[in-house]
Amino acid sequence: MTEPRALVEHFFRHEFGRLVAVLTRSLGVRRLDLAEDVVQAALIEALQTWSRRGVPEDPGGWLYRTARNLAIDGLRRERTHARALPRLGEGGARESPLHEEQLEAHFADEIGDEPLRLLFVCCHEAVPAESRVALALRMLCGFSTAEIARALLTTNANVQKRIERARDRLRELDVEFDTPAAAELNARLEAVLAVVYLVFTQGCYATHGDMPIRHDLCDEGRRLARMLAAHPVGDVPAVHALLALMCFQAARFDARVAADGTIVLLEEQDRSAWNHSDVREGMAWFARSAAGDELTRYHVEAAIAWEHCRAATFADTDWRQIAGLYDTLERIAPSPLHALNRAVAEAYLQGPQAGLDLLAAVAKDDVPARYPGWHAVIGELHFRLGKHAAAAHAWQEALRWTTARADQEFLRRRLAFCRPDHGSQANE
Amino acid sequence: LFIFRESTESRPQPSPEEMQALQGAWYKWMQKFSSAIVGGDGLKPSGRLVKAGIVTDGPYTEAKEVIASFTIIQADDYDAAVAIARECPGQDTGKGCHRIEIRELGGYA
């Protein structure tokens, strides 16, 4: 019997993505479904066998050989089936099946940039925008439908639909399994970065009670970005900036959540609890992102996150610098949320009224009425001005749209301060 | 001999992360009873069936259960064997549930 051996963390999940990518290179993007099925079957076989015999010396190689054989079996069955069809009067096969020999030859090559190519496929413009994150989480990160649904705060049926639609579109357009040529690289890379950042941010904000899944999302987002940066195609300043941004944000994760699960505001965070190895990694990426003259939204956001990391205490925060950066960000990537953040910075710089004035200037149509953070900030600014009724009103509105328990608890605590008996605290 | 029988009814497949958790549980089980476990293996889902000289291919779609894996253990009596089987992963939860048939080998082991 093989000596019992433990697997590295997330081994199955990451092997899933690697194997789907390697198989897709041989099977083609049209057969993503087959690749996914045989990889799932190979993992099940591994579970069965390893559970009794122990983990083999080279678990990755074991899985790879098993998945390859299953793929060849699958193709052989389809070919037998396709030959039988004309006899049954159903017409010939519509797609010429791949030759086994061809498949064997492909597999003989070393595993290279397949996961990266798969990432570009998942973020292809043919794939509907809302399907991209779901597809990437399934194919590259090995998330199940239920896990994706929990991560993206939607239903299993909806995730299933998004993935099927994505696969259909990729098949229809017969998308090539390759990284894009130089001419279209920038546009395609932008879509990839947006998806990777979305995977990360979905994990950052605890909009849901399921903490482990959310941390996984942040880790996966960073893993995908590092994978990009490790390849010449993705070794560019925008990717470095995104990595810097993720590292600076990730550094604060542990300090953001109190022992009882409630949110700790930046102002009250224990800065010594920030993860300094994350900060250091972020600084290294940030330095590399400065090469060239490109300024992306990720550069600006990384610069803002860096300003927060840099300040030894909350009082040391350079709000003038941050307000200026948000101003730049809003010009590069207009969004009411950037206006909101700028208002917060201005409020620290010039007082709460300046922040409120800025928010009032945002066009009515652009106000994200269902975004709790919007109302929470307005409540906070009113509160600081001593206008408790207005603050309570805004916080009630924020509470209406908040689904996360930790956020609800936070808002309730703030609301309690608005009661008349707490009025004396207004004059801070 | 532990014979693990699994239902052929389709049920939601575990996600890779859940598989890893299950694998971890089996690893702990194997470590805990390493002195008792002699060997074992998982079985591939398909095979051949020979009956009255006629050979057919698996999978055996008509069967309600299939043998999925086996483990040979060394135990003094059935009580000791049952104690080990009870601690097998998947016995307490519904997930990955299987029936374990415990049989003593006939020959001199």
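What covers the buried residues of H2(B)? Before getting to that, a word on ground rules. This is a predicted model, in which local features need pLDDT of at least 70 and side-chain atom pairs count only at pLDDT 80 or more, while totals for chains, interfaces and linings use all residues. Residues are numbered from 1 along each chain as its sequence is written, chains are lettered from A and ligands numbered from 1 in the order in which they are written, and side-chain values use heavy atoms, with hydrogens and water left out.

Now to helix H2 of chain B, residues 78-86. Helices (H or I, at least four residues) and strands (E, at least two) are DSSP runs, numbered from the N terminus. Here B:Ala81, B:Ile84 and B:Ala85 are buried, where buried means under 20% relative accessible area, exposed over 50% and partly exposed in between (1.4 Å probe, protein chains only). The three sit on the same side of H2(B), because they cover an arc of only 100° around the axis, taken from the directions from the helix axis to the C-beta atoms. Their cover includes strand E1 (2-7), helix H1 (16-32), strand E5 (65-73) and strand E6 (99-102) of chain B. On the face turned away from the buried side you'll find the exposed B:Asp79 and B:Arg86. At the start of H2(B), a side-chain oxygen of B:Asp77 comes within 3.3 Å of the backbone nitrogen of B:Asp79.

Over in chain A, look at A:Asp216 in helix H10 (residues 211-229). A:Asp216 is buried, at 13% relative accessible area. Its side chain makes a polar contact of 2.8 Å with that of A:Arg13 (a pair of N or O atoms within 3.5 Å; within protein, one must be able to donate a hydrogen and the other to accept it, and residues adjacent in sequence count only if both atoms are side-chain atoms). Leaving aside residues up to four places away in sequence, A:Asp216 touches A:His10, A:Arg13, A:Phe143 and, from the other chain, B:Glu17; contact means heavy atoms within 4.5 Å.

That brings us to the interface. It takes 29 residues from chain A and 27 residues from chain B. There are three salt bridges between the chains, each a side-chain nitrogen of Lys or Arg within 4 Å of a carboxyl oxygen of Asp or Glu. One of them pairs A:Arg53 with B:Asp41, with the closest N and O atoms 3.1 Å apart. Helix H1 (11-27) and helix H2 (32-53) of chain A each supply at least two residues of the side that touches chain B, and the largest share, 11 residues, comes from H2(A).
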